Amino acid sequence: MSSATSAQAILRVSDLWVSYGHIQALRGINIEVHEGEFVVLLGSNGAGKSTLLNAILGVHTAERGVVEYMGRDVTRQKTEKLVAAGMSAVPEGRGILADMTVMENLQLGAYHVKHKANEQIEKVLERFPLLMERRSQSAGTLSGGQQQLLAIARALVSSPKLLLVDEPSIGLAPLVVDEILGTLAELKGSNQTILLSEQNAKKALQYADRGYVLHLGTNAVEGTCAELRCDLDVQRAYLGGSDAAPESGTISSQGGEK
Amino acid sequence: MSVFAAQVINGIVIGSIYALIVLGTNLLVVVRQVVHFGYAHIVMVSMAIGWLALSHTGENLVVGIVTILLAGIAITILTEPLFRRLVERKSFLETVIVAQGVAIILTDVVSHFFNKGVPMSFPQSLYGGGGMVRLGLVSFTWANVYVVAVGILAVVLLVYFLYRTRQGRAIRAMAQNTEVARVLGIPFGKTGIYGFAVAGILAGIVGVLMAMSIGSVSAELGDSYAVKGMILVLFAGMGNLKGGLISAVFMGIAESMAIYYLPGRWSQAVFFGVLMLVILWRPQGLFGSRT
């Protein structure tokens, strides 16, 4: 919670504990995301990144701790209330509804948009011309990268105040990963606040502003992406670190395989 | 020849009623993955309540029809909370038992409290006064025409609702992937209630159509239609709306043929036999997909 000036914090998580049965997935996590920031959660599989995103979104219930969203305590809010209040998520594994069309997927993203939902969808489609072309195609026929773009587009339809993105690079080729993360960076450029969870630290740190490294459900390290990138100890300890060498060779071991 | 044609028409009429029962049952499978054995019993109770309203209002048809519709909607929605917690825990087998319980209770209520358990007859005016329509060699009642027309209209409206409206899409999304639907902010409880409400409207419509075409209602009606509904749902493939429709009309025609051309008692055994062969051959049902 160091670099934070608390005034414009969109999201503040304090001492959050979550468990599944006997497994303690989060043990007192603290993070903050400010307006217009692109923040990344790093850490290996099982570090608690996805659990944290799901707890923020009200999918998992916190045992202890507080989630504040736009200055309000939303710790035990239902997901639908949070989405209606401007939180929006790209779920892990994309969560595309494969049997529905691209358009229907986008319309579901607009479930809580009360006014001019169609205009919002059109606006998002302008940003993703590829989806515009395939709007009446069923979403399951898109490639992995296109499905990921659709999941992002669907989350944008509601003009979210906070966009949560869970592991978008899983199962995608390195070039496509760059395209997806590049898209998020562009969104950040138009002042979209983003909280990303990503195993592929090397790539994520190229695009985000700030990062938190989670380890076994606790905060391990935090800092700007430049700091984290240069910190060799962090690299070694948490981010699959033997690859202080150039990135190409080891990416596939971190989930970049097609 | 004209007997054959008459049986085909009868079959289509019975098939339309089966189709709506299967559609409602399948809708609940889609909405909540609940196999609602008591769905046909809700139709039966709604008819009984409608009969009560008719006999207390001097056979006022509007009151009778509206009562059946409202009873169908209300009772179907009232059963939703019985399943919700189980479905949230993915205890689907348990929901089957709860549905069975609903069926037994509704059957008992009607056989104890309605007309001393004696079958209740609807006034003739409800099914067009027995007037006939002649078309060449065949003739049929106005009630037959209403049943088929309303059946088709109900299917069209249901398809429109599911594919063209916000709530319909939400129901389909919830059916396809509950976790993702919840992440998208689609409320689990409310969406389920919408689905049950639509199934309830269908139950009410079926109640009216059965009152018109059968002309009476008794407690056993629930069981006999529930069993047929279940067979058809399995036959077509669980939750497959289109397959259910086709199978229902097909079964309606086959049944009226069997009743006429086979010794009556065999028709049920034939259907269960066909079902078992289909299940052996395609466990996912005739129209079901493999996954």
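Colleague: How many other C-beta atoms lie within 10 Å of Gln33(B), and how does that class the residue?

Modeller: A residue is buried with 20 or more other C-beta atoms within 10 Å of its own, exposed with 12 or fewer, and partly exposed in between, the C-beta atoms being placed from the backbone. Gln33(B) has 18 of them within 10 Å, so it is partly exposed. This is a predicted model, in which local features need pLDDT of at least 70 and side-chain atom pairs count only at pLDDT 80 or more, while totals for chains, interfaces and linings use all residues. Residues are numbered from 1 along each chain as its sequence is written, and chains are lettered from A and ligands numbered from 1 in the order in which they are written.

Colleague: What is the phi of Gln33(B), and where in chain B is the residue found?

Modeller: Its phi is positive, about 55°, although Gln33(B) is not a glycine. It sits in the loop between H1 and helix H2 (39-56) of chain B. Helices (H or I, at least four residues) and strands (E, at least two) are DSSP runs, numbered from the N terminus.

Colleague: Where is Ser159(A), and what is its phi?

Modeller: Ser159(A) lies in the loop of chain A between helix H6 (144-156) and strand S7 (162-166). Its phi is near 45°, again a positive value in a residue other than glycine. Ser159(A) counts as partly exposed because 14 C-beta neighbours fall inside 10 Å.

Colleague: At what angle do the axes of H1(B) and H8(B) cross?

Modeller: Axes are lines fitted to C-alpha atoms, for helices over the stretch in contact, with angles from 0 to 180 degrees between N-to-C directions. Helix H1 (residues 2-32) and helix H8 (residues 188-213) of chain B cross at roughly 165°, their axes coming within 9 Å. H1(B) is therefore roughly antiparallel to H8(B); angles under 35 degrees count as roughly parallel, over 145 as roughly antiparallel, 65 to 115 as roughly perpendicular and the rest as oblique. The crossing of H1(B) and H8(B) is left-handed, that is, the near helix is turned anticlockwise from the far one by less than a right angle (clockwise would be right-handed).

Colleague: Which residues of H1(B) and H8(B) meet?

Modeller: Contact requires C-beta atoms, placed from the backbone, within 7 Å. From H1(B) the residues include Val13(B), Leu20(B), Gly24(B) and Arg32(B), and from H8(B) they include Gly192(B), Phe196(B), Leu202(B) and Ser213(B). The residues of this contact divide into 17 nonpolar, 4 polar and 1 charged. Ala, Val, Leu, Ile, Met, Phe, Trp, Tyr, Cys and Pro count as nonpolar, Asp, Glu, Lys and Arg as charged, and the others, Gly among them, as polar.

Colleague: How do H1(B) and H5(B) pack?

Modeller: H1(B) and helix H5 (residues 142-164) of chain B pack at an angle of about 35°, with axes 9 Å apart. This crossing of H1(B) and H5(B) is left-handed. Among the residues in contact are Ile9(B), Ser16(B) and Leu23(B) of H1(B), and Asn144(B), Gly151(B) and Leu158(B) of H5(B). The classes in the contact of H1(B) with H5(B) are 12 nonpolar, 3 polar and no charged residues.

Colleague: In what order do the 4 strands of the open sheet in chain A stand?

Modeller: Two strands pair if DSSP finds at least two bridges between them. The order is S2-S1-S4-S5 (chain A), with antiparallel pairing. Strand S2 (23-34) and strand S5 (72-73) of chain A are at the edges with a single partner strand each, so one side of each has no neighbour in the sheet. Strand S1 (residues 9-20) and strand S4 (residues 64-69) of chain A pair over 5 bridges, and Arg12(A) has Glu68(A) in S4(A) as its bridge partner.

Colleague: Which strands pair with S9(A)?

Modeller: Strand S3 (residues 38-42) of chain A pairs with S9(A) in the parallel sense over 4 bridges, with Val39(A) opposite Arg210(A). Strand S10 (residues 218-224) of chain A runs antiparallel to S9(A), joined by 6 bridges, and Gly211(A) stands opposite Gly223(A). In the hairpin of S9(A) and S10(A), with 2 residues between the strands, Leu216(A) has a positive phi near 50°. S9(A) (residues 210-215) is mostly covered, 5 of its 6 residues being buried.

Colleague: How many residues of chain B are in contact with chain A?

Modeller: 14 residues of chain B are in contact with 18 residues of chain A. On the chain B side, H6(B) gives the largest share, 6 residues. By class, that side has 7 nonpolar, 3 polar and 4 charged residues.

Note on methods. Two residues are in contact if their C-beta atoms, placed from the backbone, lie within 7 Å.
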